[in-house]
Amino acid sequence: MALAQSFALGPILGRFAPGVSRRVWGLAAFVVVAIVAVLILPFFAPNDPFHSQFLHRLQPPGLDYPLGTDAMGRCVFSRLLYGARLTTLSALLVVALAAGFGSAVGCLTGMCGGFIDRVVMRFCEGVSVLPALAICMIISGVLGLGLQAVIIALAAVHWTDYARVMRNVVMVERGKTYVTAAEALGVPGHRIAMRHILPNIAAPLLTLGTYSLSWVILSFAGLSFLGLGVEPGTPEWGRMIAESRSHLREYPRLVLAPGLTIVGFVIAINMLGDVIGDRFRDTRASYFHPKD
Amino acid sequence: MKTRNKILTGLVLAVAVAVGSFFAVRNLMPAATVDAETAPVVASEPKTLVVGTMWEALPLSIQPRRSRFFNESEILDTLVKLDYDLNPVPGLALSWDRVSPTVWHFNLRDGVTFHDGSAFDADAAKYALERVIALLPYAADLLNISKITVIDAKTLEIETTEPFAALPNQLSDAITVMYGKASFDADGQFVSPVGTGPWKFVEYIAQDRTIVERFDGYWGDKPVLDRIEYRYIPDHNSRTLALEAGEVDFVDNLLPSDVARLSADEKFNVYSKPIAGLYYGAINAGDKSVLNDVRLRRAVNALIDRNTVVAGALDGIGEPAWQFFAPQFDWAPKVTPHAFDVEAASALLTDAGYEKIDGTWQKDGAPLTLRILSYSSRTEMPAITEVMATLLKQQGIATDVQMYTWEGMLDFVKRGEYDISVVFWTPEMTGHPDLHLKSQFHSKAGLNQQFWVNAEFDQLVDTGRTLDAGAERDATYGRALEILQQDAPIIPLVHKVYVAASAKDVAGFRVHPSGFFYDFKNVSR
């Protein structure tokens, strides 16, 4: 995986800022490279993904159209590339919103415990047992059409996963000796949370982040397939599948192209999650606290 | 891990869909052939036709107000029926006379009984019509009935609020079906349809099927088959697959892309015919839309090549619509059709103060942008809407396309927050111009949500319905339709072509041009 090589930039960048761990730099470099890659993908599009050439509808793959054209005479390959940007950026935004809010709630309840913990966790469980996609449909139905509605809906459903995981991790960390030691030294609670516990729970957060990214991409495609989110004609993978349904039998490639792209993309992100998880798991303590 | 399971499920589903779509046909079709060849013919087994339908045969609930199905399936009859050229022909009424401009006499058929054995007579007809008018707010508008009187057992007198020549045609509308009293319980609540038709209602299973059986006491020619099962299969691909798998014998509303394939397959009969039905862009002619300028409405009409709409959105299954009523209906007066004419449109737009800058029509620096709404419950609507919007875009008019549910779309339409809503109606359904012109385009009509007001059109439509068939009526409606072309509150897009397919052994099916009549009486297998 070429993108994973960007981890190697870590040590180089690390020289310029010796206070920050090289692996943090590696991760940051990776994220930047991945986002840039997705952003520049559309520039490789051979055709305008929005331009319909009705005389060239349902063309087979060829030199002009690498994956052929759809029923509206638009280049399928170019649409996939544009879709990558839309899908990835929207999904990242959902994950950022959900992870931000969910982790904050999780850390808070984990640290506070007691009544707040019980109430918030019961609420999270309540949200979790409901079918996520159905809730998303209701929320985006209430908010009206548009990309924002779907992003908010997915984040609103998804933050509870982060809250629950983070709360459990914080509970576990709280019981560890280094926290007890800090408490014994009279370090205030917020400082324990920010300076001692938070760095130690970054690994599970990152791992969860990658897995949830793939969940969000799948759900996003599912919701657009159902007609929520982007407007008709937008090159979005789920939407492309929905629009090709009526030609499924005669031209299965129209469904397979976005379908397999989603599958491949989701598998890749999951593998990335494994890689990140592995890298961080073994040397977690030494990584964040090199001087311990 | 939970997320992981979801991903796995997603993967499995994606692969299953992909693989399934490839092999479903190949795997299922031989099985169907074998079944048909080896199935023993048992004399006592009832002859059943299984029909796959796009809409639920009794939609939402078994309420009469919702269902054209009772007429479509001929569980219930209407007083007047329409033949295959949409001419009114005797149904439960043998003949009708207009004894004065506002009074009609309907002579009812003798010896007709309801499925429960009770007799059909003028009392029963009066009861049923009054019921329908009470149940359906728009039935009163449609029928214009002020008073129904029973003259004798076989004569029904209907008095209309104004001279109303369209009454016999309107009485063929599916909503005017003759419910037997047994259709309702003691409290007047609807139970199940009891009618006089060739098929009697047996069972309805929500979201699944409706079953009817032959009624031996039917007044007309008895059906050949014993039983029909209407199966609800909303997904077009699944419905066609069910036919190919031998699960159903007849399906309607084929996907355009399936028509060529099934036609080439000798195991199936494909039925295709232009029928009542028009896909059109209903323009908001009110203050909230730029399209309240007639020049823009006409320009938009001239900028859309309907041939491309039919080819691009419907794989050629449809007739390009350049006027309101489909030209094959003789009773509709001829009008000047629209034409795809970019130059004329440019002249109109320029005249209206727009200028084409960088390929985009603009006025005062703002691009001409149209908000186009439609609904996705009818599969072909998004495709038609998108092609229409794309064609406008290619001509330099920006569009903002949004898909809703039917109700969701109506919310915006009623508030006037749209420029064009793409809809489908069957204006030719009763074989008379009055139906749609009066109920949708008259400025006083409840269903006129286009804020289009044209006094001359109103007056012509009000006059037209009072006139008997003839030159005067044709001239009146001809003028009204010409206004509809020139003042252009609509963009006619596609005239509907009905397509259905059946197994090869199904014989005798004919496509009825109203679009609301299966006529399975003569079908055999």
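Modeller: Ile40(A) is found in helix α2 of chain A. Keep in mind that this is a predicted model.

Colleague: Why is Ile40(A) called partly exposed?

Modeller: Its relative accessible area is 37%. Buried requires under 20% and exposed requires over 50%, so Ile40(A) at 37% is partly exposed.

Colleague: Which residues make the nonpolar surface patch?

Modeller: Val32(A), Val36(A), Leu39(A), Ile40(A), Phe43(A), Phe44(A), Leu89(A) and Leu92(A) make the patch, with an area of about 730 Å². The most comes from α2(A), with 4 residues.

Colleague: What does the salt bridge between Arg68(B) and Asp173(B) tie together?

Modeller: The two side chains meet at 3.1 Å, N to O. Arg68(B) is in the loop between β1 (48-53) and α2 (69-72) of chain B, and Asp173(B) is in the loop between α5 (167-170) and β8 (199-205) of chain B, so the pair ties together parts that are 105 residues apart in sequence. Arg68(B) is partly exposed, with 24%, and Asp173(B) is buried, with 3%.

Colleague: What makes Asp351(B) and Arg295(B) a salt bridge?

Modeller: The N to O distance is 3.4 Å, and the limit is within 4 Å, so the pair qualifies. Asp351(B) belongs to helix α10 (residues 342-351) of chain B and Arg295(B) to helix α8 (residues 294-303) of chain B, so parts 56 residues apart in sequence are tied together. Salt bridges with shared partners also join Asp70(A), Arg74(A), Arg79(A), Arg239(A), Glu243(A) and Glu386(B) into one network. Over all chains, the search finds 39 salt bridges.

Colleague: Why is strand β18 of chain B called largely enclosed?

Modeller: Of the 7 residues in β18 (residues 398-404), 5 are buried, so the strand is largely enclosed by the rest of the structure.

Colleague: How do you know that β17(B) and β18(B) pair?

Modeller: At least two bridges are required, and strand β17 (residues 369-375) of chain B and β18(B) have 7, so they pair, in the parallel sense. Thr369(B) stands opposite Ala398(B) in β18(B). With helix α11 (residues 380-394) of chain B, the two strands make a right-handed β-α-β unit.

Colleague: What makes β4 and β6 of chain B edge strands?

Modeller: The open sheet has 4 strands in the order β4-β5-β7-β6 (chain B), paired antiparallel. β4 (93-100) and β6 (145-152) each have a single partner strand, so one side of each has no neighbour in the sheet. The twist averages 20 degrees from one strand to the next.

Colleague: How many bridges join β6(B) to β7 of chain B?

Modeller: There are 6, and the strands run antiparallel. Asp152(B) stands opposite Thr155(B) in β7(B).

How values were computed:
Residues numbered from 1 in each chain as written. Chains lettered and ligands numbered in written order. Predicted model: local features only at pLDDT ≥ 70, side-chain atom pairs only at ≥ 80, totals over all residues. Heavy atoms only, no water. Buried < 20%, exposed > 50% of the residue type's maximum accessible area, 1.4 Å probe, protein only. Right-handed = clockwise from strand over helix to strand, strands pointing away. Patch = residues over 30% accessible without salt bridge, like charges linked within 9 Å, V, L, I, M, F, W, Y side chains within 5 Å. Areas by Shrake-Rupley, 256 points an atom, 1.4 Å probe, with all protein chains shown as cover. Axes fitted to C-alpha atoms, helices over the stretch in contact; angles between N-to-C directions.
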